[in-house]
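The entry is shown first, and the notes follow.

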Amino acid sequence: MSIMSYNGGAVMAMRGKDCVAIASDRRFGVQAQMVTTDFQKIFPMGDRLYIGLAGLATDVQTVSQRLKFRLNLYELKEGRQIKPKTFMSMVSNLLYERRFGPYYIEPVIAGLDPKTFEPFICSLDLIGCPMVTEDFVVSGTCAEQMYGMCESLWEPDMERQAFEMTCPVSRIIEFDRMSTTVDSKWDSKGIISKDGRCGNNTASSKSMI
Amino acid sequence: MALLDVSGFGAHSDLRLFGAAPKHFLDPQNHFTFSVKRQEFAVPVGVDPSAFLRSCSREGGVSIDLNHGTTTLAFKFRHGVIVAVDSRASSGSYIASKDVNKVIEINPYLLGTMSGCAADCQYWERLLAKECRLYKLRNKERISVSAASKLLSNMMCGYRGMGLSMGSMICGWDKKGPGLYYVDENGTRLSGRMFSTGCGNSYAYGVMDSGYREDLTVEEAYELGRRAIAHATHRDAYSGGVINMYHMQEDGWIKVCQEDVSELIHKYRKGMF
């Protein structure tokens, strides 16, 4: 069994008009066995900046903690919140440091610029190659299914209300198709917009198809 | 046509008479069936199936990954036999279907469950259903649970080592009362009071063992079966979907219910989510 599917998990982020959304599942399992359904995979790194980590659970926790450490130092030195693009470079650097013995995670970043509120999403591979997109990013064990759902549901410049439905719906459907994420809670950090984050939606997925 | 098949007459018997057919074209003799006709599968010329299938399951080479994901259970109690199964079919980590029926209704007094390779289970249990029907037609009485499970077990023995994967429970009610047998692809055939198969079986055993008593009422037994499958599907990634539950009574089986596991697990673990 592959290391990336040992614990399983999935994260995705979508971009809308002046807002972004990030969502993940909450299952922590060991191969076929589920251990808990409230495992955190999305971590706040600023008022309007979140990182979601999919992959090996131990690395999810280690990377998020080490990243927070570096981010705290940055904020103390700079005296301001980090920009999403800079944060992406910080993550990329942290991952490439382990080029020959990598962290087994695939991060997804979603956030708004602290000053201009410009939306930003990106994903990276396990050794830190950044990929910035205009529409959506996905990573995890059901990436293929997520690509399918996002591709069909996403439209450019979606207003917040329409956006609120799209992200959860695509989550539920693709989760139900993968045994390592299905039947877990999914956790949406809600829509991040310039008025702040709206709502933390947590619910259990049921079969919808 | 049917009579011709049943009596074993046909082109094949001519081949045998004249010794024209080379031995390796036909399957080796199997004695699982009471009828004359042999079971035959198309086999490539000069290929030995066991050697070929052994190479397919070896690590490192090409590996045919047969799906094993499921949870099924059955237990005997005072008022008959309860059979409960989940309904998920998985291929690797992809969920192929969420509403497969893993119980085959052989006849109104016999049920078979399926776990392991879906194709193997469906084929061999349907073949078992055919043999049970033939038995009834020839002997004018229903086949016993013991004989039915023996037929299936002999079928498995005939193909032992060739990579079949099947874990099945044959449940029924015959002259001797309620019957429950476990049959698997090695030819194991065990009679017992309680079995569970599939990769979620350990979770189901835990719940069943804690709640089982011989003198359960019918409603309590239904609840026990429901709980065991629900908890197994909750923990096991390869089980899920709906619970299909059957109750084998003296005058035949009844289908008790078909319930979604996610709704059930919310009921049982209120406050956990």
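**Surface patch on chain A**

A:Val35 has a relative accessibility of 31%, so it counts as partly exposed. The model is predicted, and the points below are grouped by topic.

- A:Val35 lies in strand S4 of chain A, which spans residues 33-36.
- Together with A:Tyr6 and A:Val30, A:Val35 forms a nonpolar patch on the surface.
- The accessible area of A:Tyr6, A:Val30 and A:Val35 together is about 200 Å².
- Membership of a patch requires over 30% relative accessible area, and the value for A:Val35 is 31%.

**Strand pairing in chain B**

- Strand S11 (residues 242-249) and strand S12 (residues 252-260) of chain B are paired in the antiparallel sense.
- Eight bridges make up the pairing of S11(B) with S12(B).
- Two residues separate S11(B) from S12(B), and the two strands form a hairpin.
- B:Tyr246 has B:Lys255, in S12(B), as its bridge partner.

**Cysteines**

- Over all chains, the structure holds zero disulfides.
- A disulfide needs two cysteine sulfur atoms within 2.5 Å.
- For B:Cys157, the closest cysteine sulfur belongs to B:Cys121 and is 16 Å away, so the pair is too far apart for a bond.
- B:Cys157 counts as partly exposed because its relative accessibility is 40%.
- For B:Cys171, the closest cysteine sulfur is in B:Cys132 at 13 Å, which is also too far for a bond.
- B:Cys171 has a relative accessible area of 0% and is therefore buried.

Methods
Residues numbered from 1 in each chain as written. Chains lettered and ligands numbered in written order. Predicted model: local features only at pLDDT ≥ 70, side-chain atom pairs only at ≥ 80, totals over all residues. Heavy atoms only, no water. Patch = residues over 30% accessible without salt bridge, like charges linked within 9 Å, V, L, I, M, F, W, Y side chains within 5 Å. Areas by Shrake-Rupley, 256 points an atom, 1.4 Å probe, with all protein chains shown as cover. Salt bridge = Lys/Arg side-chain N within 4 Å of Asp/Glu carboxyl O. Helix = DSSP H or I, 4+ residues; strand = E, 2+ residues; numbered from the N terminus. Buried < 20%, exposed > 50% of the residue type's maximum accessible area, 1.4 Å probe, protein only. Pairing = 2+ DSSP bridges.
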